[in-house]
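Take a look at the sequence and the model first, and then read on.

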Amino acid sequence: MYQNNKIWIGKSGHEKIYIYPKMANRHGMIAGATGTGKTVTLKVLAESFSDCGVPVFLADVKGDLAGMCQTGKENESLKKRIDAMGLMEEGFSLRSYPAVYWDIYGEKGLPLRTTISEMGPLLLGRILELNEIQSDILTIIFKIADEEQLLLLDTKDLRSMIQYVSENAKEYGAKYGNLPKQSLGAIMRAVAALEAEGGEKFFGEPALEITDWMCTDCNGKGMIQVLDCQKLINSPTMYSTFMLWMMSELFESLPEVGDREKPKMVFFFDEAHLLFDSAPKTLLMKIEQVVKLIRSKGVGIYFITQSPKDIPDGVLAQLGNKVQHALHAYTPAELKAVRAAAASFRANPEFDTYEALTQLGIGEALVSVTDEDGVPTVVKRCHILPPQSQMGPLEDTVRDGEIKGSLLYGKYARMIDRESAYEILEKRVLAEEDEEKKAAEEAAMEKQRQKEEAAAEKQRLKEEAAVEKQREREAAAAEKKRQREEEAARKAQEREVAAKSKQMKKVVERAASTAAGTMGRELGNSVGKSLGGSFGKKVGGNVGASLGRGILSTLFKF
């Protein structure tokens with residue numbers, strides 16, 4: 001309850017135990033074994049901060065904080081508690097509180113998203129459970145994306161970026177060092193596993209703007225932001241990384257405000273031990289730094305866990321407001337943890353803190369807060385006030401109505417997928433494919449052109465060869481004709497010569513015959529005269545004829 005400008009959380013006998021709003025940003029812790037009343041204490045504090053006008057964030061791990069928006073229901077147990085603490089006289093009443101419901105998976109609340117870039121390589125490496133070398137490579141991937149102005153908004157952007165770096169590993173390796181394909185493949189597989197766990201819903205836009213949580217309703221009550229973590233808690237690494245991201249986001253985005261009369265906002269992180277389990281040293285240093293410095297931003301952080309030993313000493317030392325429910329000790333280690341928890345309080349001479357821790361009943365707690373001067377008060381054993389809103393989960397119809405009735409529904413309900421690394425790299429691939437296709441088409445066209453030119457050249461050469469062949473044929477025909485004509489002329493000439501020779505021969509023969517006849521006759525006559533008589537003439541004639549023929553034969557033989 002908010003009373004006298006103070007947050008009333010319980011009673012120690014007749015004394016009221018308060019948390020001072022101006023000291024609420026000194027952070028705090030609610031611890032205790034299972035079933036000792038931590039959830040009730042958390043609800044009481046959250047309701048009181050809301051009454052104070054301070055916005056609140058709750059991580060609802062079990063689903064029993066969802067009833068904030070419904071008026072509490074009176075039962076016998078609650079009535080006895082109210083009467084025993086005299087709360088009706090103090091103005092206690094059952095009421096509802098303004099709440100907005102969120103869910104990383106978008107199932108039981110408005111989708112709560114952030115971007116890959118805002119998460120950063122350090123936290124993302126933790127979610128992906130990367131080793132040191134793989135984390136360094138992831139940091140290089142982020143650096144390359146930043147240098148080339150490639151926005152990393154969702155998981156498909158990251159996958160595209162990993163593939164892009166892998167395809168150009170040789171080029172980037174010369175600048176950033178070796179980028180093994182095996183490590184890049186391991187990161188890609190881790191991203192695929194993250195998507196299977198719901199990472200594709202958590203990473204994207206519109207990303208959460210923390211300032212949307214820092215508001216009040218029309219009655220001045222701080223809005224209570226309830227994140228359903230029933231499914232998220234099944235992925236402890238993602239849950240713890242989300243809480244760390246939220247603290248880092250607050251630290252980096254909010255301005256310095258110094259000391260205020262009341263916090264700008266208060267965050268309650270349930271199952272806080274998951275934030276520190278298996279966290280590397282660098283992350284633990286980051287958590288401690290944020291817890292130390294975020295006070296000046298006007299933000300209070302309250303961790304809810306089973307034992308103070310779940311919280312590192314450097315962080316535990318920053319928690320000024322402590323509500324410690326009962327701790328059970330059955331082993332030497334547990335006894336040691338109880339003694340350490342008892343020793344962390346400023347001792348009260350009225351009781352033994354160690355014994356009280358093991359004897360507290362349900363709804364009882366040891367409380368120490370930071371007083372108005374910033375000094376821890378002595379520990380008080382007190383009964384915690386009951387919550388005013390409904391305990392337990394909401395009906396689905398009521399929850400759905402609250403989700404859709406929120407003023408933030410229109411802003412966050414639908415995911416936006418603007419141009420980022422995935423789309424830009426896809427365009428590059430398509431452009432390269434278009435260039436390759438264009439080059440292939442140009443090459444095909446060039447090949448076709450060359451083919452056509454070759455065919456045309458072949459046809460030209462063929463035509464020229466045909467023309468040359470025709471010319472040669474014509475020349476050969478002309479030559480052949482010429483030769484025939486020459487042969488015919490020669491033969492005609494030869495015939496003419498032969499005819500002339502024959503004619504001349506005949507003339508010669510006639511002349512020779514005549515001459516031979518004459519000579520023969522003259523010779524015959526001479527012989528005949530020599531022989532005398534008719535016989536002589538006859539013999540002379542024959543001799544003359546034979547001699548004439550012999551002369552002719554001899555002449556024409558040569």
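## Burial and surface

Of the 558 residues in the chain, 46% are buried, where buried means under 20% relative accessible area, exposed over 50%, and partly exposed in between (1.4 Å probe, protein chains only). The chain exposes about 29000 Å², and 52% of that area comes from carbon and sulfur atoms; accessible areas come from the Shrake-Rupley method with a 1.4 Å probe, and for residues only the protein chains shown count as cover.

A note on the source: this is a predicted model, in which local features need pLDDT of at least 70 and side-chain atom pairs count only at pLDDT 80 or more, while totals for chains, interfaces and linings use all residues. Residues are numbered from 1 along each chain as its sequence is written, and side-chain values use heavy atoms, with hydrogens and water left out.

## Overall shape

How does the chain fill space? Along the principal axes, its C-alpha atoms fill a box of roughly 215 × 50 × 40 Å. The radius of gyration is 60 Å, whereas a compact globule of 558 residues would have one near 24 Å; the radius is taken over C-alpha atoms, and the globule rule is 2.2 Å times the number of residues to the power 0.38.

Among contacts (heavy atoms within 4.5 Å) between residues at least 6 apart in sequence, 76% join residues at least 24 apart.

## Helices and strands

The chain has 18 helices and 13 strands. These are DSSP runs numbered from the N terminus: helices are H or I with at least four residues, and strands are E with at least two.

Helix α9 covers residues 236-253, 18 residues in total. From first C-alpha to last, α9 reaches 26 Å, close to the 26 Å expected at 1.5 Å a residue, the expected span being 1.5 Å times one less than the number of residues. Helix α9 is mostly covered, with 14 of its 18 residues buried.

## Backbone details to check

Most residues other than glycine have a negative phi, and most peptide bonds are trans. Phi is near 55° for Asn4 and about 60° for Asn5. Asn4 counts as exposed because its relative accessibility is 61%, and Asn5 is exposed at 58%.

Which residues does a cis peptide bond join? Glu205 and Pro206 are the pair, with omega about 5°. Pro206 lies in the loop between α8 (199-202) and β8 (224-228).
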